[in-house]
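Take a moment to look over the structure below. We will begin with a single residue and then step back to see how parts of the chain meet.

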Amino acid sequence: MNSCITGLQWGDEGKGKVVDILAEKSDVVVRYAGGANAGHTVVIGGHKFALHLLPSGSVRQDTACVIANGVVIDPDCLIQEIDSLRHRDIGLEGRLFISENAHVVLDYHKQEDQLREQSLGNSKLGTTIRGIGPCYADKIGRSYAVRVGDFKEPEYLRQKLQKIAKFKNNYFKAMYGGDEVDADAIFSKCLIYAERLGDFIVDTTEHLHNAISVGKSVLFEGAQGALLDLDHGTFPYVTSSNASSLGMAAGSGVPAKLVDKYMGVVKSYTTRVGEGPFPTEQDNEIGSEIRERGNEYGTTTGRPRRCGWFDAVAVKYSALIGGIDELAMMHLDTLSGMSELKIAKAYRIDGKETAFFPSNCAKLSRVECVYETLPGWDDDVSCIRTFEQLPANARAYVAKIEELTGCPISIIGVGPGREQTIIR
Ligand code: GDP
Ligand code: IMO
Ligand code: MG
C-alpha cells in the first residue's frame, strides 16, 4: 500500500507528525519536492526533532529514506541534519538514498534569495531565504544548474562552476552591485559534500520502482501546502515547486496511479508565514490567542505565523486538486477554551457568493468570508485518545469540517507528541 501525505493549507499543518505515525507501517518514506524551506516536527517521548530535508521517517531506524529528484538540496543543511541525528544515535548509513538528479542549493542561491527580497521592500514575498526560488529558477533555466550527481564528476563540476560564477557575478553586479561568487571556493566545498554524501547518491527512481515491485510500502511526504503550490496556489505568494500532491509523480518518478491513498493534513484553524492573501486571517486578539496557544512560530525561520479561522473553501479546493481521500486534522487541543469558533463556508466576491476557492490573488484580495459559527469547548482534550471521549462540541466541530470539505477525518491531533493522536 502506497500513500501520499500533503498539506492542504499554507504549510506547517503538522505533516511531520502524521508522517512519523504512518511511517511505522511503511518501508520507505520519500521527500519529493521543496527543500530546506520545510520544517517538519516530530516529537517522541518529549524529544523534539525538526527536519528540513530528511524525510520524517528518518527518526525510525528501520525505515528507508529517499530524497527524490524534485527536491532542491542544501548540502550544508543535509549534512548538519545527518550529523545531528547521528549524535542522537540514529544512523542513516545504508537506508538514506539521495537522487543523483536532485538539484543543489549553493551559497549564491541563498545570497540571491536574500538580495532579491531586500530589494523588493514592501512587495517582498516573505521567503524563507533558503535559496529555494533561485535554485528552482536555475533548474528550469538549465544552463547554470548543479545536480547532486555532479559531485561524482569533479572535473566536469569544476568547469561548470567556473561558467556559473562568471554568469552569477555579472548578474549580481548588474542587479545588486557586488557579491563575488568564487568558483574555486564553491568547488572546494563541493568536494567535501561529495565525500560526505557520496555513498548515499543513487538513481532513486530505479530504487523506488524496485521497492514497489517487491511489494514494499512507500509513503510520500509532501512539503509546504497545496495553497503554496507554484501552479495552483496563491501565486506569486507561493513556493517554487508543486507542493500539492500533483508534484508527487513528477518529483519522484512514481506515477499517481501507483498511490493507493492520498491523505491531506490540515490544522483545525489556519496559519500562514510570509506575505500573501489569507481570507480568514484574524489579525487581532483572536489570532494572537491562537498563536500563543498553538505555539505558532516557524520551525525553519522562527517567524510568528499569521493565524485565523479554518477555511473550508480553501481546504475543499486543495482536496479537490490533490485527489484527497481523507484528512488528518491537527491541533484540536489548541482550540480548547475558545468561547466560539468560526469556519469559512463560502466567499462573497464582488457581491456574488461562491464555494469555489479562487487561487487568483486579485480576486482573493476582494473576498469577504461567509462564516458558520459553532460553540467552543472548555475541556483539555490533550489526553483523550478516542473520538467518542471528545466533548460534544469538539465532535460537532470535526463533523462540520467533514461536511463542508467533503472529506472524512481519520486522524485527529490533540498535542505535538506522537501518542497525542486519535485514530478513527
Ligand atoms: P509541518 O511543516 O507540516 O510538519 O508542521 P510544523 O512541524 O512546521 O508545525 C507544526 C507544529 O505543530 C509543530 O510544532 C508540531 O510539533 C505541532 N503539532 C503537530 N500536531 C499537533 C497537535 O495536534 N497539537 C499541538 N498542540 N501541536 C501539534
Ligand atoms: P513546511 O514543509 C510554511 C512559505 C514562505 C513564503 C513562501 C515562499 O514546513 O510546511 P520559499 O522560501 O519557499 O521561497 O518561500 O512559502 N513557505 C512555507 N510556509 N511551511 C513551509 O514548509 C514553507 N515553505 C515555504 O514562508 O511565504
Ligand atoms: Mg513546517
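L96 belongs to strand β7, which covers residues 96-99. In this predicted model, is L96 buried or exposed? With a relative accessibility of 2%, L96 falls under the 20% cut-off, so this residue counts as buried. Leaving aside residues up to four places away in sequence, L96 touches L54, C65, I67, I82 and F200.

Now let us step back to the domains.

| Domain | Residues |
|---|---|
| domain 1 | 3-99 + 200-263 |
| domain 2 | 103-197 |
| domain 3 | 266-423 |

How do domain 2 and domain 3 meet? Six residues from domain 2 and five residues from domain 3 make up the contact. Taken over C-alpha atoms, the centres of these two domains are 37 Å apart. Between domain 2 and domain 3, about 420 Å² of area is buried, and carbon and sulfur atoms give 45% of that. On the side of domain 2, the residues that lose the most area to domain 3 are G126, T128 and R130, which together account for 64% of what that side buries.

What holds charges face to face here? One salt bridge is counted between domain 2 and domain 3. The side chains of K124 and E275 meet in a salt bridge, at 3.8 Å from N to O. The count of residue pairs in polar contact between the two domains is three. On the side of domain 2 that touches domain 3, one residue is nonpolar, three are polar and two are charged.

How values were computed: Residues are numbered from 1 along each chain as its sequence is written. Chains are lettered from A and ligands numbered from 1 in the order in which they are written. This is a predicted model: local features need pLDDT of at least 70, side-chain atom pairs count only at pLDDT 80 or more; totals for chains, interfaces and linings use all residues. Side-chain values use heavy atoms; hydrogens and water are left out. Domain bounds come from an automatic or database domain assignment. Contact means heavy atoms within 4.5 Å. Buried area is the accessible area (1.4 Å probe) that two parts lose on being put together, summed over both. A salt bridge is a side-chain nitrogen of Lys or Arg within 4 Å of a carboxyl oxygen of Asp or Glu. A polar contact is a pair of N or O atoms within 3.5 Å; within protein, one must be able to donate a hydrogen and the other to accept it, and residues adjacent in sequence count only if both atoms are side-chain atoms. Ala, Val, Leu, Ile, Met, Phe, Trp, Tyr, Cys and Pro count as nonpolar, Asp, Glu, Lys and Arg as charged, and the others, Gly among them, as polar. Helices (H or I, at least four residues) and strands (E, at least two) are DSSP runs, numbered from the N terminus. Buried means under 20% relative accessible area, exposed over 50%, partly exposed in between (1.4 Å probe, protein chains only).
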